[in-house]
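Visitor: I would like a close look at one part of this model. Please take me through its pockets.

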Amino acid sequence: MEAKRFHLGWFMNFTADLWNGPYENGGSPWDGRFYVEMAQALERACFDYVMVEDKLSVSEAYGGTTENVLTHAVGMAPKHDPAPLAALMSAGTSRLGVVITLSTLGYPPFLLARLCSTLDHIAGGRFGWNIVTSAEDAAAQNFGLDALPPRELRYDMAQEYMELVNALWDSWDRDAIVMDRERGVYADFKKVRPIDFRGTYFRSRGPLNTAPSPQGRPVFVQAGGSPKGRDFAAKHADSIITLADGIEGMKEYRDDIRARAAAHDRDPDDIKVLFLVIPTLGETVEHAYERRERVITSNVFAEQTLGLLSSITDIDFSAFEMDAELPHLTTNGEQGSLDKFQQTGSGKTLRQLVYESAEFESSYPLIGTTVTIADQMQEIMEEVGGDGFLITMHNQAVSRRQVIEVTEGLVPELQRRGLVRTEYTAPTLRENLLAF
Ligand SMILES: Cc1cc2nc3c(=O)[nH]c(=O)nc-3n(C[C@H](O)[C@H](O)[C@H](O)COP(=O)(O)O)c2cc1C
């Protein structure tokens, strides 16, 4: 029987690449070239998309200072604007999807709709938007608010935001640009309309001032974890990215999304759920475990991990004793990641959790050779039903070597098994996602 194929994405951010280890010579990727080369490597391996994470603050959540995030500079700060990087990555590739994160908290809807339309043109229909509502008070304070609105309200606002930006993208008919040389008409003004949107939170007159883009609207990516977030994702997303807890968690999440999509009169197969995973590759399985051990027992790993966790949850992990049992914690930020880390009820100390939850950013621990990890990915997809993986590295920081190990090692092994694509069959990201 022919194997069912699955999709691949890569989760990264426009932060410093790894710079102070033996195979790590980066640290200054600010001209974008390192990440453009990375996108080219992903395209050679036929990834569906690269996904640029983003946040809008320099977090002081750990210890009340920026020391942790700036000292380690992994994943959090400095962090540059993903939109110009998306333009560079799009210009440097021709088939790969390019998805960036833009927050409904930070961007006025009109500017976001215009930016996405512009980038979808530059990418020739390969652009996607990761829709986030932001999760930190510090981000809210950068935009004039005292604190982050509660999660439920953020999603109510995001729901209205989507109605508005969709109306803006629809404010031009797809055939509005006629370029009729004889009549001297570029665009038919009768095919471009104001939207006069007046909502509870947002207002915009419209029409959008950009030409209709190749995909009409960007591919929507979302990562809702709460019930309201999942419902939002199931209603809007073309692809959902998520951090799940093991095979059971993946299955539960995907089944739930598919049921919610059907309730919104959508075909569940139109949504591709990609599970976040960190593959740790080695020449042998033992070698992979040794490499993992070296990473997670390094002096800085615990600090980096807790700094990252503090940033995404607004909880000060420096306030807890490393050798005391961690109490159950809740957050207005990323509860799912927190739950995966804290293993509530386990009675474990913070120190134990840091090391035992070293793969908490991985929906399933993948540690081994190209062959054993490909086996695991195959089995997971058979059990879960689909739709693919979103690859990342510990604390989201990456080196050229890590990218090559995946694109020239793991992916070819998956390709030999017929599990992932060996060519792009369509020009646009949305069509490639829908291809299987
Ligand atoms: C794989 C993944 C990527 C995410 N990327 C971002 C991001 O770039 N920026 C951001 O503010 N939040 C990001 N989030 C947080 C989500 O948008 C969302 O808030 C989180 O999954 C919790 O779900 P909830 O909002 O329904 O509680 C990400 C979450 C996941 C699982």
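Which helix gives the most to the lining of the largest pocket, and with how many residues?

Guide: Helix 11 does, with five residues. Keep in mind that this is a predicted model.

Start with the pocket as a whole. The largest pocket holds about 1100 Å³ of space. Its lining counts 49 residues. Nearest the centre lie Ala 223, Gly 225, Glu 334, Gly 336 and Ser 337. By class, the lining splits into 20 nonpolar, 16 polar and 13 charged residues.

Helix 11 spans 335–342. Other elements also supply at least two residues each to this lining. The strands are strand 2 (49–53), strand 3 (97–103), strand 4 and strand 10. The helices include helix 6, helix 8 (246–263) and helix 10 (299–313).

The ligand takes up the space of the largest pocket. Two or more residues of the shell around the ligand come from each of strand 4 (127–132), helix 6 (151–169) and strand 10 (239–242). In total, 19 residues surround the ligand. The closest are Asp 54, Arg 151, Tyr 155, Ala 223 and Ser 226. Ala 223 is also among the residues nearest the pocket centre. The shell has six nonpolar, eight polar and five charged residues.

Look at the polar pairs next. Tyr 155 places a side-chain N or O atom 2.6 Å from an oxygen atom of the ligand. For Arg 151, a polar side-chain atom sits 2.7 Å from a ligand oxygen atom. Glu 334 has a polar side-chain atom 3.5 Å from a nitrogen atom of the ligand. Taken alone, the ligand exposes 610 Å², and the protein buries 93% of that.

Then compare the neighbouring entry in the list. The second largest pocket holds about 960 Å³ of space. It is lined by 35 residues, and closest to its centre are Leu 18, Gly 21, Glu 24, Val 295 and Gln 402. Helix 9 (285–296) gives the largest share of this lining, five residues. Helix 2 (67–72), strand 12 (279–281), helix 10 and helix 14 (400–416) each supply at least two. The classes here are 16 nonpolar, twelve polar and seven charged.

Rolling a probe the size of a water molecule over the atoms shows where empty space is left. The whole structure has three cavities of 30 Å³ or more. The largest cavity holds about 50 Å³. Its lining is made of Asn 68, Val 69, His 72, Ala 73, Val 74, Met 76, Gln 304, Gly 307 and Leu 308. Five are nonpolar, four are polar and none is charged.

Last, some backbone details. Most residues other than glycine have a negative phi, and most peptide bonds are trans. The bond from Ala 77 to Pro 78 is cis, with omega near -5°. Pro 78 lies in the loop between helix 2 and helix 3 (82–91). Gly 206 and Pro 207 are also joined by a cis peptide bond, with omega about -5°. Pro 207 is in the loop between strand 8 (203–204) and strand 9 (219–222). Cys 46 is not a glycine, yet has a positive phi of about 60°. Cys 46 sits in the loop between helix 1 (33–44) and strand 2.

Definitions and conventions:
Residues numbered from 1 in each chain as written. Predicted model: local features only at pLDDT ≥ 70, side-chain atom pairs only at ≥ 80, totals over all residues. Heavy atoms only, no water. Near = heavy atom within 4 Å. Polar contact = N/O pair within 3.5 Å; in protein donor to acceptor, adjacent residues only side chain to side chain. Areas by Shrake-Rupley, 256 points an atom, 1.4 Å probe, with all protein chains shown as cover. 1 Å grid on protein atoms, 1.4 Å probe; cavity = no way out; pocket = protein on both sides within 12 Å on 5 of 7 lines; lining within 4 Å. Sits in = over half its atoms within 2 Å of the grid points. Helix = DSSP H or I, 4+ residues; strand = E, 2+ residues; numbered from the N terminus. Nonpolar A, V, L, I, M, F, W, Y, C, P; charged D, E, K, R; others polar. Points joined across faces, edges and corners; volume = space filled by probe spheres on them.
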